[in-house]
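Biologist: I would like to learn how to read a few features of a model. Please take them one at a time.

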Amino acid sequence: DAGVIQSPRHEVTEMGQEVTLRCKPISGHDYLFWYRQTMMRGLELLIYFNNNVPIDDSGMPEDRFSAKMPNASFSTLKIQPSEPRDSAVYFCASSLRRGALDTQYFGPGTRLTVL
Amino acid sequence: DAKTTQPNSMESNEEEPVHLPCNHSTISGTDYIHWYRQLPSQGPEYVIHGLTSNVNNRMASLAIAEDRKSSTLILHRATLRDAAVYYCILKGQAGTALIFGKGTTLSVSS
(Lines give C-alpha, C1' and ligand atoms only; values in the text may rest on other atoms or scores of the structure.)
Protein backbone atom coordinates (compact mmCIF):
# COMPACT_ATOMS: atom_id res chain seq x y z
CA ASP A 1 0.00 0.00 0.00
CA ALA A 2 1.19 3.53 -0.71
CA GLY A 3 0.31 4.72 2.76
CA VAL A 4 -1.72 7.80 3.54
CA ILE A 5 -1.54 10.27 0.68
CA GLN A 6 -1.97 14.00 1.14
CA SER A 7 -2.09 16.80 -1.37
CA PRO A 8 -0.82 19.34 -1.92
CA ARG A 9 2.41 19.00 0.06
CA HIS A 10 2.82 22.76 0.22
CA GLU A 11 0.26 25.49 -0.16
CA VAL A 12 0.85 29.23 -0.11
CA THR A 13 -2.18 31.45 -0.27
CA GLU A 14 -3.31 34.91 0.63
CA MET A 15 -5.56 35.83 3.48
CA GLY A 16 -9.21 35.49 2.58
CA GLN A 17 -8.73 32.78 0.00
CA GLU A 18 -10.30 29.33 0.22
CA VAL A 19 -7.94 26.45 0.87
CA THR A 20 -8.72 22.77 0.34
CA LEU A 21 -6.48 20.03 1.67
CA ARG A 22 -6.93 16.47 0.48
CA CYS A 23 -6.32 13.06 1.97
CA LYS A 24 -6.51 9.48 0.76
CA PRO A 25 -6.41 7.01 3.67
CA ILE A 26 -5.00 3.51 3.59
CA SER A 27 -7.45 1.17 1.90
CA GLY A 28 -9.60 -0.71 4.38
CA HIS A 29 -9.04 1.67 7.27
CA ASP A 30 -12.29 2.69 8.93
CA TYR A 31 -10.96 5.71 10.82
CA LEU A 32 -9.61 8.95 9.40
CA PHE A 33 -8.11 11.79 11.44
CA TRP A 34 -7.10 15.34 10.69
CA TYR A 35 -4.41 16.89 12.92
CA ARG A 36 -2.75 20.27 12.89
CA GLN A 37 0.77 21.04 14.07
CA THR A 38 2.09 24.45 15.06
CA MET A 39 5.10 25.51 17.09
CA MET A 40 2.87 27.04 19.74
CA ARG A 41 0.30 24.28 20.17
CA GLY A 42 2.09 21.17 18.93
CA LEU A 43 0.04 18.39 17.36
CA GLU A 44 -3.68 18.62 17.98
CA LEU A 45 -6.67 16.74 16.68
CA LEU A 46 -9.12 18.67 14.56
CA ILE A 47 -11.70 16.04 13.61
CA TYR A 48 -12.05 12.34 13.01
CA PHE A 49 -14.34 10.14 10.95
CA ASN A 50 -15.51 6.57 11.34
CA ASN A 51 -16.87 4.89 8.22
CA ASN A 52 -17.06 8.30 6.51
CA VAL A 53 -19.16 9.82 9.33
CA PRO A 54 -17.73 12.68 11.41
CA ILE A 55 -17.57 11.53 15.03
CA ASP A 56 -15.75 14.27 16.91
CA ASP A 57 -15.19 17.73 15.49
CA SER A 58 -14.60 19.46 18.80
CA GLY A 59 -11.08 20.35 17.74
CA MET A 60 -12.14 22.32 14.69
CA PRO A 61 -11.14 25.86 15.63
CA GLU A 62 -13.91 27.84 13.98
CA ASP A 63 -16.72 27.75 11.47
CA ARG A 64 -14.18 28.68 8.83
CA PHE A 65 -12.99 25.09 9.01
CA SER A 66 -14.99 22.23 7.52
CA ALA A 67 -14.18 18.63 6.71
CA LYS A 68 -15.91 16.05 4.59
CA MET A 69 -15.46 12.42 3.74
CA PRO A 70 -17.65 11.65 0.72
CA ASN A 71 -16.35 8.10 0.44
CA ALA A 72 -13.99 5.67 2.12
CA SER A 73 -11.01 6.71 0.03
CA PHE A 74 -11.14 10.49 0.15
CA SER A 75 -11.43 13.33 2.63
CA THR A 76 -11.06 17.09 2.43
CA LEU A 77 -10.32 19.79 4.96
CA LYS A 78 -11.45 23.21 3.81
CA ILE A 79 -10.64 26.61 5.26
CA GLN A 80 -12.75 29.50 4.05
CA PRO A 81 -11.72 32.25 4.40
CA SER A 82 -8.13 31.53 5.38
CA GLU A 83 -6.22 33.69 7.87
CA PRO A 84 -2.49 33.97 8.65
CA ARG A 85 -2.99 32.19 12.00
CA ASP A 86 -4.09 29.09 10.05
CA SER A 87 -0.52 28.64 8.88
CA ALA A 88 0.54 25.21 10.08
CA VAL A 89 1.28 21.68 8.95
CA TYR A 90 -1.89 19.65 8.54
CA PHE A 91 -1.65 15.88 8.88
CA CYS A 92 -4.11 13.24 7.88
CA ALA A 93 -3.95 9.82 9.53
CA SER A 94 -5.92 6.62 9.26
CA SER A 95 -6.35 3.52 11.36
CA LEU A 96 -7.99 0.16 11.04
CA ARG A 97 -9.79 0.20 14.37
CA ARG A 98 -10.30 2.27 17.50
CA GLY A 99 -9.24 1.59 21.03
CA ALA A 100 -6.13 0.92 22.98
CA LEU A 101 -4.48 -1.24 20.34
CA ASP A 102 -5.05 0.88 17.27
CA THR A 103 -2.07 2.14 15.33
CA GLN A 104 -2.43 5.31 13.34
CA TYR A 105 -0.63 5.86 10.06
CA PHE A 106 0.15 9.43 9.16
CA GLY A 107 0.56 11.10 5.82
CA PRO A 108 3.47 13.39 5.01
CA GLY A 109 1.44 16.49 5.81
CA THR A 110 0.48 19.67 3.98
CA ARG A 111 2.44 22.76 4.95
CA LEU A 112 0.04 25.70 4.68
CA THR A 113 1.24 29.29 4.62
CA VAL A 114 -1.33 32.05 4.64
CA LEU A 115 0.11 35.46 3.81
CA ASP B 1 -6.56 9.56 28.51
CA ALA B 2 -4.02 10.05 31.27
CA LYS B 3 -1.15 12.50 31.02
CA THR B 4 2.51 11.65 30.33
CA THR B 5 5.70 13.51 31.23
CA GLN B 6 8.87 13.35 29.15
CA PRO B 7 12.16 15.26 29.19
CA ASN B 8 12.26 18.01 26.60
CA SER B 9 15.46 16.84 25.00
CA MET B 10 18.16 14.18 25.09
CA GLU B 11 21.44 13.69 23.31
CA SER B 12 23.18 10.55 22.18
CA ASN B 13 26.16 9.44 20.16
CA GLU B 14 25.83 7.22 17.15
CA GLU B 15 26.04 3.48 17.82
CA GLU B 16 25.24 3.94 21.52
CA PRO B 17 22.04 2.81 23.25
CA VAL B 18 19.43 5.43 24.08
CA HIS B 19 16.94 5.24 26.92
CA LEU B 20 14.00 7.62 26.59
CA PRO B 21 11.95 7.84 29.80
CA CYS B 22 8.26 8.55 30.22
CA ASN B 23 6.32 9.04 33.44
CA HIS B 24 2.61 8.27 33.57
CA SER B 25 1.69 8.08 37.23
CA THR B 26 -2.07 8.33 36.61
CA ILE B 27 -2.21 5.47 34.11
CA SER B 28 -5.29 3.28 34.42
CA GLY B 29 -5.24 -0.48 34.40
CA THR B 30 -6.44 -0.75 30.81
CA ASP B 31 -4.31 2.00 29.26
CA TYR B 32 -1.77 0.92 26.68
CA ILE B 33 1.53 2.78 26.39
CA HIS B 34 2.24 3.84 22.81
CA TRP B 35 5.35 5.47 21.37
CA TYR B 36 5.41 7.43 18.16
CA ARG B 37 8.24 9.42 16.65
CA GLN B 38 8.36 12.27 14.21
CA LEU B 39 11.37 12.63 11.96
CA PRO B 40 12.13 16.12 10.64
CA SER B 41 9.59 17.28 8.06
CA GLN B 42 7.61 14.05 8.28
CA GLY B 43 4.41 12.86 9.88
CA PRO B 44 4.51 10.91 13.12
CA GLU B 45 5.16 7.19 12.83
CA TYR B 46 4.32 4.36 15.18
CA VAL B 47 7.23 2.84 17.07
CA ILE B 48 5.93 0.37 19.65
CA HIS B 49 3.26 -0.21 22.27
CA GLY B 50 2.75 -2.34 25.37
CA LEU B 51 0.51 -2.98 28.37
CA THR B 52 2.49 -4.67 31.13
CA SER B 53 5.26 -6.82 29.75
CA ASN B 54 8.36 -5.57 28.04
CA VAL B 55 8.06 -5.52 24.27
CA ASN B 56 10.55 -5.76 21.44
CA ASN B 57 10.25 -5.09 17.74
CA ARG B 58 12.63 -4.30 14.91
CA MET B 59 12.67 -0.61 15.77
CA ALA B 60 12.99 -0.55 19.55
CA SER B 61 12.27 -2.09 22.91
CA LEU B 62 9.77 -0.91 25.49
CA ALA B 63 10.49 -1.50 29.14
CA ILE B 64 7.49 -1.01 31.45
CA ALA B 65 7.90 -0.56 35.19
CA GLU B 66 6.22 -3.13 37.39
CA ASP B 67 3.80 -0.53 38.79
CA ARG B 68 3.25 0.81 35.25
CA LYS B 69 3.81 4.38 36.39
CA SER B 70 6.74 4.78 34.05
CA SER B 71 8.21 3.28 30.91
CA THR B 72 11.37 3.55 28.85
CA LEU B 73 11.81 3.38 25.12
CA ILE B 74 15.13 1.80 24.26
CA LEU B 75 16.94 2.30 20.99
CA HIS B 76 19.69 -0.29 21.11
CA ARG B 77 22.10 1.40 18.71
CA ALA B 78 21.24 4.96 17.80
CA THR B 79 21.82 6.09 14.25
CA LEU B 80 21.69 9.56 12.78
CA ARG B 81 18.33 8.62 11.30
CA ASP B 82 16.91 8.16 14.81
CA ALA B 83 17.11 11.90 15.47
CA ALA B 84 13.46 12.80 15.97
CA VAL B 85 10.83 13.88 18.46
CA TYR B 86 9.61 10.89 20.44
CA TYR B 87 6.11 10.92 21.90
CA CYS B 88 4.86 8.71 24.72
CA ILE B 89 1.05 8.42 24.57
CA LEU B 90 -1.48 6.52 26.67
CA LYS B 91 -4.50 4.99 24.99
CA GLY B 92 -7.47 3.54 26.78
CA GLN B 93 -10.00 1.07 25.45
CA ALA B 94 -12.31 3.88 24.41
CA GLY B 95 -9.53 6.03 23.07
CA THR B 96 -9.49 6.92 19.43
CA ALA B 97 -7.46 10.02 18.68
CA LEU B 98 -3.87 10.39 19.81
CA ILE B 99 -3.20 13.11 22.37
CA PHE B 100 0.31 14.39 21.78
CA GLY B 101 2.39 16.13 24.42
CA LYS B 102 5.61 17.98 23.66
CA GLY B 103 7.65 14.79 23.42
CA THR B 104 11.41 14.37 23.72
CA THR B 105 13.66 15.74 21.02
CA LEU B 106 16.49 13.27 20.52
CA SER B 107 19.71 14.50 18.95
CA VAL B 108 22.24 11.97 17.67
CA SER B 109 25.83 12.93 16.99
CA SER B 110 28.37 11.08 14.88
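Modeller: The largest pocket holds about 700 Å³ of space. This is a predicted model, where local features need pLDDT of at least 70, side-chain atom pairs count only at pLDDT 80 or more, and totals for chains, interfaces and linings use all residues. Residues are numbered from 1 along each chain as its sequence is written, chains are lettered from A and ligands numbered from 1 in the order in which they are written, and side-chain values use heavy atoms, leaving out hydrogens and water.

Biologist: How is a pocket defined, and which residues lie nearest the centre of the largest pocket?

Modeller: On a 1 Å grid over the protein atoms alone, a pocket is an open set of points where a 1.4 Å probe fits, with protein on both sides within 12 Å along at least five of seven lines; lining residues have an atom within 4 Å of a point. The volume is the space filled by probe spheres set on the points, which are joined across faces, edges and corners. Here 28 residues line the largest pocket, and Q37(A), T38(A), M39(A), Q38(B) and Y87(B) lie nearest its centre.

Biologist: How do strands of a sheet pair?

Modeller: They pair through backbone hydrogen bonds, either parallel or antiparallel. Strands are DSSP runs of E, at least two residues, numbered from the N terminus, and two strands pair if DSSP finds at least two bridges between them. In chain A, β1-β3-β8-β7 is the order of an open, antiparallel sheet of four strands. β1 (5–7) and β7 (65–71) of chain A are at the edges with a single partner strand each, so one side of each has no neighbour in the sheet. Five bridges join β7(A) to β8 (residues 74–79) of chain A; S66(A) has K78(A) as its bridge partner in β8(A).
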